[in-house]
Amino acid sequence: MDQHLAYTRNIGIMAHIDAGKTTTTERILFYTGITHRMGEVHDGAAQMDWMVQEQERGITITSAATTTFWKYQDKNYKINIIDTPGHVDFTVEVERSLRVLDGVIAVFCAVGGVEPQSETVWRQASKYRVPRLAFVNKMDRVGADFYGVVNQIRKKLGANPVPIQIPIGKEDTFQGVVDLIENRAVIWYDDETLGVNYELADIPAGLEEEVMEWRGKLVEAVAETNDTLLERYLDDPDSITPDEMREAIRKATIDMSVVPVFCGSAFKNKGIQRLLDAVVAFLPSPLDIGAVTGFNPYTSKDKNRNPDSGEPLTALAFKIATDPFVGRLVFLRIYSGVLKSGVQVMNVRTGKKDRISRLYQMHANKQHPKEEIRAGDICGAVGLKNVKTGDTLCDPKHPISLESMEFPEPVIGVAIEPKTQSDIDKLGIALGKLAEEDPTFQVNFDENTGQTVISGMGELHLDILVDRLRREFKLECNVGAPQVAYKEAITATVEHREVFKKQTGGKGKFADIMVRISPAGQDERGLQFENAIKGGNIPKEFIPSVEKGFREAMQNGPLAGYAVDSLKVELLDGSYHPVDSDSLSFEIAARNAFKKASERAKPILLEPIMAVEVVTPEEYMGDVIADFNKRRGQVEGMESKAGARVIRAKVPLAEQFGYVTVLRTLTSGRATSTMEFSHFEEVPPEMSRKIIETTKGKTATV
C-alpha cells in the first residue's frame, strides 16, 4: 500500500448559491500558502472563479480543481479541492465532482440555513456515499442562528449533525468558537494578519453551561458509535481523551453515521484553519475509502482495484474543459496505478487506445506540468481525443470498467443562428466543444425548419453558453425565445403486426414482426426490449435490428414529434425470407410498427414540472400564491423562516419564463426564488391540443 495516501485528501466544497463556498475556498488557499492575496467574489477577483462570466455575476459556473498542503500535528497533508457551483442550472458540475471525491465540506449560511439547493447537493452526496463535514458560514451576519441550522440539518436532511464547535457570540459580536473536543476557546482578532493568528483561551464567562451541555451531547454521540467508549462514558464521562474522541469521530464520519458541524465567517477570516484541521482529522483518505469496484468489459466479472501505485492503472474522466493554451483538457481521478505522460491508455467505452501527451496538476485554470500522477490523485491530461465525461481509462492489458455517470435530461431549448452566414461552420465546431464539456447541454438540428436548437437545464445555463460563444469563440448569435422540452408517452398496451415488403427487380426486402408495446415501469427510462419468440421464426442476428429500429423511432413521438422517454416492447412472433430478409428490413419494420402502434396506444404529452421555492416578506404572501395559481402551480407547503415566509410549489416550466421579473414587481424586489427540475407530468388536454397544433410537422426540439 502507498502509505503517502494516508496523507492525501480529495475533497469538494458544496452548498446552495450564496452560502459562501468560493469565499471559503479562497480563504483555504490563502491560509495554506497557495495565494498571498485573498480574492473576493463580489470584487470579481476570486481565484477559483476564473471565467469572465463567473467574475461578472459573482457565481460559480464550472467546478475548479486545485491542490494545496496543510500541516496538522506536525505532519504535512496534501489536499485536492474541487469548488463546485451552487446554482441549480449547473448541478451536473456538482454531480460529476462528487463521483470522484472522497469527502465533502457542506457549507450552510447561518441565516438562510438549509436551502433548496443544499438539499439537492446533499442528496447527490448521499447517492455516491460521500462522507461530509458541515460548516455554518456567515456567523457575523444579522440573523445568524447556529443552533437553528444544526436543527434544520437534522430535520430537513435527515442527517445526524454533531457540533464539534459552538460559536462565541453571533452577528457583530462573533469572535471565535469553543472547541468541544479540547474544551478550549479559539479567538480570532480583526487585525492586519487577516486571521492567520488566533489564540487558544479559557472558555468565556457565561458560556460554561452551554459548553457543558453541548460537550455532553458530543461525548454521547461519539460513545454511541463505540461500545468500549460507551461503557467508559457511563462510568466516567470525563475519562475519554481528546485523541480517542477524534478517532471515534473520524470513524463515525467515514461510515456516515455522524456529520461533524463547525462554524465561522469565511469573509471575516474566522474559523477556516480549524476547518482545515477537521478535513485532515475527520475526512477519509483514499486508503479509508478502499478498493474501487468495476467489472471486466469482456467477461462482465466484478473486479476490485486498491488505491495502490503497484496495481494496474484505473482512472475515471470526470470533466472535460477547453483551455485556450493547452487545448482539450481531461480531468482524471486516478484510482490505482501510475499515469505517466507519453503512455498509451485504453478507453473502455470505445475499446480504443489513446496516448497522453502531457499531465498537469491543476490550480483553477493554471496548470503545473508533471511527469507522473500516482493512485489517489486528481489531475488534468492533454492528448486524449475521444474521451467523454464518465469514461474509464485503464491499462490495456488489465481492462476494467467503472460505473459511469447518469446526467439529467435538458428541460429547455432555444433556437440559435450566427449573425453572419460565414460563421455557420464555426458555430457547429464551437457548439460541439461546449457539448463535449457539458453532458447536460445538447445540440440538435431541426431538418424541417433548418434551425439549430440548443437545450440545457435552465435559462441561466443557456444564457451563459451563448455568452461563452461570444467571448471564447468570437461568435455573435441570434437567439430565439425559450422552448419547453416536452416528451411523449403511451398509456395503453397495443399488439401490432408489421410486414415490410419491397421488390425492386433484383433482391427484395422482407421483414415480418408481431409486437406488443406498452408503457414502461414507473422508474424505467428508455427502451425495455424483450424477445419473447419461441423457436427460430426470426433468426437471432435480426433481433438486435428490431431493437435498434424501436430505439431510433422513439426519438419522434406520434403526437408532435417529441421524444418518447420510456417504452416496453415485446417481440412476440414474426417470419423472414431466406433471400430477401436482412438487418435493415427488420429495422425499418420496427420503425413502422412503432409509428402505427403508438398512435393507437393513447399517446399523451408530458411537460417538465419545476420545484419552486420563494422566500418573501409576509405582506406579499397572498400575491405570490395568487400568481402561482395563475401559472397552474400547486402550492405544497409554507413555513416561517427568519421573519419571512417560505412558499414551496410545483409549477410547469412553460409558465415560469421571466418569473424572476414578475416576482420582483409583485414584492417590490424583496422576495427571492429558486427553481429546479422535479419531474414530468401529463399536459392538460386543452393545452396539449394547442401544443400539438403549433408543433405538428416539426421534428422534436430536444
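The largest nonpolar core here has 105 residues, and Phe108 and Leu218 have the most contacts inside it. A nonpolar core is a set of buried Ala, Val, Leu, Ile, Met, Phe, Trp, Tyr and Cys residues joined through side-chain atoms within 4.5 Å. This is a predicted model: local features need pLDDT of at least 70 and side-chain atom pairs count only at pLDDT 80 or more, while totals for chains, interfaces and linings use all residues. Residues are numbered from 1 along each chain as its sequence is written, and side-chain values use heavy atoms, with hydrogens and water left out.

**Nonpolar cores**
- Leaving aside neighbours within four places in sequence, Leu218 is in contact (heavy atoms within 4.5 Å) with residues including Val162, Leu180 and Met245.

**Salt bridges**
- The whole structure holds 31 salt bridges, each a side-chain nitrogen of Lys or Arg within 4 Å of a carboxyl oxygen of Asp or Glu.
- Arg333 and Asp102 form one of them (3.0 Å, N to O), and both residues are buried (under 20% relative accessible area; exposed is over 50%, partly exposed in between; 1.4 Å probe, protein chains only).
- Asp179 and Arg274 pair up at 2.9 Å, N to O.
- Asp179 lies in strand β8 (residues 176–179) and Arg274 in helix α9, so this pair ties together parts 95 residues apart in sequence.
- Asp179 and Arg274 are both buried.

How values were computed:
Helices (H or I, at least four residues) and strands (E, at least two) are DSSP runs, numbered from the N terminus.
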